[in-house]
Amino acid sequence: MNLNKEEGHLEKSHELVKKYDTMQLKRVVLESRFAAQDVRGLLINKRFTIACIRDCFLRGEAAYASHVIYAQSHILDDYVSSERALGIQAGFNWGDCGEKTVVYTDLGISGGMKLGIEHAENVGREVEYRQLGFIPEVTKEMVALEEEYIKSQQEFRLILQDKINRPVK
């Protein structure tokens, strides 16, 4: 599979960065549901969050979604309480650089989202509620692929635990 859709896209993108340097994207903290009871629900939540991030870009915003960086990438395990808490706190720390918190409510408001909303309110950051207007569909095949991906990430995390094993400070 060739990943290059556009000939010379790397060079063109570097030139566009200079043009975009004058563009001011508003920094927003994105709250959307992540955790789920099963892989199908998790996949819907992941795809929904990706759509929310794109929606933010189309609104002239640069979205920060800690659950995409830490949990979706499996850097931290969202199903281990100490790692989930660490990811949420890291999200608060980085999120404090945001100008506004945007909450996408199509899938409801989870406990983690409530924590993010409360934190934003406590630090005096504006909170805006939004709806994307659709929920992504997933197929059985997509769920099977996600299950394989999760399994490979869990195996990789075991390697990381062996290679990079130190207590959290």
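Predicted model: local features only at pLDDT ≥ 70, side-chain atom pairs only at ≥ 80, totals over all residues.

Biologist: Fine. So what is tyrosine 104 in contact with, leaving aside its neighbours within four places in sequence?

Modeller: Quite a list: Leu30, Glu31, Ser32, Phe48, Cys52, Asp55, Cys56, Arg59, Met113, Arg130, Gln131 and Leu132.

Biologist: And which residues touch the most other members in the largest nonpolar core?

Modeller: That core has 16 residues, and the ones touching the most other members are Leu30, Phe48, Cys52, Cys56, Val102, Tyr104 and Leu132. Strand E1 (26–31), helix H2 (39–58) and strand E3 (100–104) are the elements that give it two or more residues.

Biologist: Which element gives the most to this core?

Modeller: H2, with seven residues. There's also another core lying apart from that one; it has five residues, including Phe34, Leu42, Ala71 and Ile150.

Biologist: Let me back up. How many helices and strands does the chain have?

Modeller: Six helices and four strands. Going from the N terminus, the order is α-β-α-β-α-α-β-α-β-α. The C-alpha atoms fill a box of roughly 45 × 45 × 35 Å along the principal axes.

Biologist: What share of the residues is buried?

Modeller: 36% of the 169 residues in the chain. As for contacts between residues at least 6 apart in sequence, 76% of them join residues at least 24 apart.

Biologist: New topic, helix packing. At what angle do H4 and H5 pack?

Modeller: About 30 degrees, with the axes of H4 (residues 81–95) and H5 (residues 111–122) 11 Å apart. H4 therefore counts as roughly parallel to H5, since the cut-off for that is an angle under 35 degrees. The crossing of H4 past H5 is right-handed.

Biologist: Which residues meet there?

Modeller: From H4 you have Arg84, Ile88 and Phe92, and they meet Gly112, Leu115, Gly116 and His119 in H5. Sorted by class, the contact has three nonpolar, three polar and one charged residues.

Biologist: Last one, glutamine 153: buried or exposed?

Modeller: Buried, because its relative accessibility is 17% and the cut-off is under 20%. Glutamine 153 is in helix H6 (residues 140–163).

Biologist: And what does glutamine 153 touch, not counting residues up to four places away in sequence?

Modeller: Ser73 and His74.

Definitions and conventions. Residues numbered from 1 in each chain as written. Heavy atoms only, no water. Axes fitted to C-alpha atoms, helices over the stretch in contact; angles between N-to-C directions. Parallel < 35°, antiparallel > 145°, perpendicular 65-115°, else oblique. Left-handed = near helix turned anticlockwise from the far one by under 90°. Contact = heavy atoms within 4.5 Å. Nonpolar A, V, L, I, M, F, W, Y, C, P; charged D, E, K, R; others polar. Buried < 20%, exposed > 50% of the residue type's maximum accessible area, 1.4 Å probe, protein only. Core = buried A, V, L, I, M, F, W, Y, C linked by side-chain atoms within 4.5 Å.
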